[in-house]
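Biologist: Could you walk me through how to read a few features of this model, one at a time?

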Amino acid sequence: MAKINSVSISARITLDLHNLNNEGTEGNQQQTRMVHIIDQNGRRAIVNAVSGDMFKHILVEHLVPLLQEAKQPLSPGAKVYSADRINALNDDFNKFCDDKKVTESEIMTRMLTDCSLTDMAGALVTRGRAVGRKSVVEFGWVVGLPAYADGEPLTTTEQYFHVKYAPEGRGGATGGDTVAEKQAIFHRPASSGIYALICNLDLYRIGLNDITRQPVVAKPDRERRAKALIYALAATLLKPAGAQRNTQNPHIVNCEGIVATSATSLPAPTVSPLHDNYREEIGKTAAVLNAIRSDGVQVVSFASLSEGVKVLADIAGRLELPS
């Protein structure tokens with residue numbers, strides 16, 4: 001067993017023909033999300049990107065059944081994947097919050113003990129007062145690399161023509177409806193490229209009341225929740241479940257990167273994979289942090305998806321949270 005306070009992952013993931021970042025529709029054309037960044041050479045670039053909100057949503061989808069398997073409590077809202085989590089479909093909790101004699105710290109304790117998903121994914125209670133539980137999971141934007149290879153961008157988006165066929169009336173109008181009205185024509189994007197992903201897990205905060213700074217969940221349950229969270233992160237890499245998967249299931253071509261863990265209050269280091277030397281920089285940063293606190297930070301590189309999943313599984317298998 002090894003004490004671990006935080007975990008970070010910095011990775012480059014190659015996704016082909018996905019539509020995880022559809023941001024809306026104009027007329028009959030779906031729009032894909034583009035962002036402005038500064039590359040490693042200090043030049044401005046416009047690249048395809050997937051929001052951190054989407055990847056947080058993907059992780060939560062994987063996390064709920066893992067928490068159920070670990071026998072951890074879930075609020076009624078969390079069980080049905082409501083973004084409001086403990087606030088949703090929960091009259092008992094809402095009545096508890098309405099009691100003016102109840103303190104904010106007691107509400108926070110109830111949030112953590114009644115709902116393991118709220119504990120880790122966060123929620124904001126606004127009934128009469130504001131009590132916010134910050135997520136222990138932090139995703140950055142998943143950003144396409146702006147670098148060029150052989151004169152072509154590494155991340156591209158194309159629009160594809162689609163028709164929603166009507167089962168009847170293709171040969172002409174029937175019942176007063178024209179073929180054009182029955183057969184919707186639209187354009188859908190598909191993006192392919194190498195994307196930079198960063199994520200941090202503040203495991204030490206699991207079951208920790210943010211107001212009193214005291215753990216309110218028993219240590220064995222905190223560790224069960226932490227393991228479920230790490231497995232959910234691995235599942236997010238294996239199956240990035242998002243928009244349009246019914247017909248545009250992403251092709252995961254490769255995933256490479258580095259996982260860092262910290263056993264101290266110093267954070268597990270993260271360097272953006274937008275930089276070519278991100279793994280070397282994380283290794284050097286870990287060496288500096290270990291000079292401050294001996295053997296506090298460990299880093300493991302991986303060159304494939306299977307290796308990355310194994311690294312995370314090994315961390316979960318030897319995990320011990322601080323008391």
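**Rings, cores and pockets**

Modeller: Rings of Phe, Tyr and Trp (its six-membered ring) pair if their centres lie within 6.5 Å; planes under 30 degrees apart are stacked, over 60 edge-to-face, and the rest tilted. This is a predicted model, in which local features need pLDDT of at least 70, side-chain atom pairs count only at pLDDT 80 or more, and totals for chains, interfaces and linings use all residues. Residues are numbered from 1 along each chain as its sequence is written, and side-chain values use heavy atoms, with hydrogens and water left out.

Biologist: Which rings pair up, and how are their planes set?

Modeller: Phe55 and Phe139: their ring centres are 6.1 Å apart and their planes sit at 50°, so we call the pair tilted. Phe55 belongs to helix H1 and Phe139 to strand E9, so the pair links parts 84 residues apart in sequence. Helices (H or I, at least four residues) and strands (E, at least two) are DSSP runs, numbered from the N terminus.

Biologist: Is Phe55 buried or exposed?

Modeller: Buried, at 1% relative accessibility. Phe139 is buried as well, at 16%. The scale: buried is under 20% relative accessible area, exposed over 50%, partly exposed in between (1.4 Å probe, protein chains only).

Biologist: How do I read a nonpolar core, and how many residues has the largest one?

Modeller: In soluble globular proteins, nonpolar side chains tend to be buried together. A core here is a set of buried Ala, Val, Leu, Ile, Met, Phe, Trp, Tyr and Cys residues joined through side-chain atoms within 4.5 Å. The largest one has 63 residues, and those with the most contacts inside it include Ile9, Leu63, Leu203 and Leu229. There's also a second, separate core of 6 residues, with Ile37, Ala45, Ala49 and Val143 among them.

Biologist: What does Leu229 touch?

Modeller: Contact means heavy atoms within 4.5 Å. Beyond its neighbours within four places in sequence, Leu229 meets Leu59, Leu63, Met120, Val136, Val137, Leu201, Leu203 and Ile206. Leu229 sits in helix H7 (residues 219-238) and is buried, with a relative accessible area of 0%.

Biologist: Where is Val35, and what does it touch?

Modeller: Val35 is in strand E5 (residues 34-38) and is buried at 15% relative accessibility. Skipping residues up to four places away in sequence, Val35 touches Ala45, Ile46, Val47, Ala49, Trp141 and Val143. The C-alpha atoms of Val35 and Val47 are 5.5 Å apart, at 12 residues along the chain.

Biologist: Now the pockets: what volume does the largest pocket have?

Modeller: On a 1 Å grid over the protein atoms alone, a pocket is an open set of points where a 1.4 Å probe fits, with protein on both sides within 12 Å along at least five of seven lines; lining residues have an atom within 4 Å of a point. Points are joined across faces, edges and corners, and volume is the space filled by probe spheres set on them. The largest pocket comes to about 310 Å³. Of its 21 lining residues, Val47, Leu145, Pro146, Ala147 and Tyr148 are the closest to the centre. Strand E6 gives the largest share of that lining, 5 residues.

Biologist: Which residues are closest to the centre of the second largest pocket?

Modeller: Asp53, Lys56, His57, Val60 and Arg85, out of 14 lining residues. The volume of this second largest pocket is about 250 Å³, and the largest share of its lining, 6 residues, comes from H1.
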